[in-house]
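Here are my notes on this model, point by point. Please read them with the coordinates open.

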Amino acid sequence: MELLGLSCIFPSKDIKTTSEFYVSKLGFSAVEYLTCEEPHICLYRDKTEIILLSSKGKGIIPNRVAFGYGYDAYLYTDAPEILQNEFLGKNVKITKPLNVTDYGNKEFVIEDIDGRWIAFGYKENR
């Protein structure tokens, strides 16, 4: 038995606008389930899925604001340099450029349209 994956679930004030950001800036594809009992949009890129739900008008509070630190998601990639350059070319806000952290991860961090900080990286010394 093994766990096979994980989907980040992000509330958003406007899931259509957030979806457009992820599609146009971060290279995800979107599948809308807006007529379901619980409307949502699934975003896909490679083996990663993010599910957008309506916050029903409530503001989004990123982890660093709510708790003083922390990312809102950590997505793994084997080529963070290439991905960071892709995002820079699309004018994505990089809040922490590519580096090796004191906990041994090679990563960079972006800020999404809702203010979430999302890290992309991998464990440097595995």
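1. Exposed here means over 50% relative accessible area, and buried means under 20%, with partly exposed in between. D46 has a relative accessibility of 75%, so D46 counts as exposed. Keep in mind throughout that this is a predicted model.

2. Most residues other than glycine have a negative phi.

3. At 66% relative accessibility, N91 counts as exposed.

4. Helix α1 covers residues 15-26, and its geometry holds up. At 1.5 Å a residue, its 12 residues should span 16 Å. The C-alpha atoms at its ends are 15 Å apart, which agrees. Which residues of α1 are buried? They are I15, T18, S19, F21, Y22 and L26. These cover an arc of only 155° around the axis, so they sit on the same side of α1.

5. Both ends of α1 have something to inspect. Just after the helix, G27 takes a positive phi of about 80°.

6. Helix α3 (residues 80-89) has P80, L83, Q84 and F87 as its buried residues. Seen down the axis, they fall within an arc of 100°, so they line one face of the helix. The face turned away from that buried side carries the exposed residues I82, N85 and G89.

7. Now the charged pairs. Side chains of opposite charge can pair when their charged atoms come close. How many salt bridges are there? The count comes to nine. One of them joins R64 and E111, at 3.8 Å from N to O. R64 lies in helix α2 (residues 63-67) and E111 in strand β7 (residues 105-111), so the pair ties together parts 47 residues apart in sequence. R64 is partly exposed, at 22% relative accessibility.

8. K106 and E81 also meet in a salt bridge, with N to O at 2.5 Å. This pair links distant parts of the chain, K106 in strand β7 and E81 in helix α3, 25 residues apart. Is K106 buried or exposed? K106 is buried, because its relative accessible area is 18% and the limit for buried is under 20%. E81 is partly exposed, at 32%.

9. E86 and K90 form another salt bridge, their closest N and O atoms being 3.9 Å apart. Salt bridges count within 4 Å. E86 is partly exposed at 25% relative accessibility, and K90 is partly exposed at 28%. The pair is part of a network of salt bridges that links R45, D46, E86 and K90.

10. Last, the nonpolar surface. V31, Y33 and Y44 make a nonpolar patch of about 220 Å². Y33 is found in strand β2 (residues 29-33). At 32% relative accessibility, Y33 counts as partly exposed.

Notes: Residues numbered from 1 in each chain as written. Predicted model: local features only at pLDDT ≥ 70, side-chain atom pairs only at ≥ 80, totals over all residues. Heavy atoms only, no water. Helix = DSSP H or I, 4+ residues; strand = E, 2+ residues; numbered from the N terminus. Expected span 1.5 Å × (residues − 1). Buried < 20%, exposed > 50% of the residue type's maximum accessible area, 1.4 Å probe, protein only. Arc of directions from axis to C-beta. Patch = residues over 30% accessible without salt bridge, like charges linked within 9 Å, V, L, I, M, F, W, Y side chains within 5 Å. Areas by Shrake-Rupley, 256 points an atom, 1.4 Å probe, with all protein chains shown as cover. Salt bridge = Lys/Arg side-chain N within 4 Å of Asp/Glu carboxyl O.
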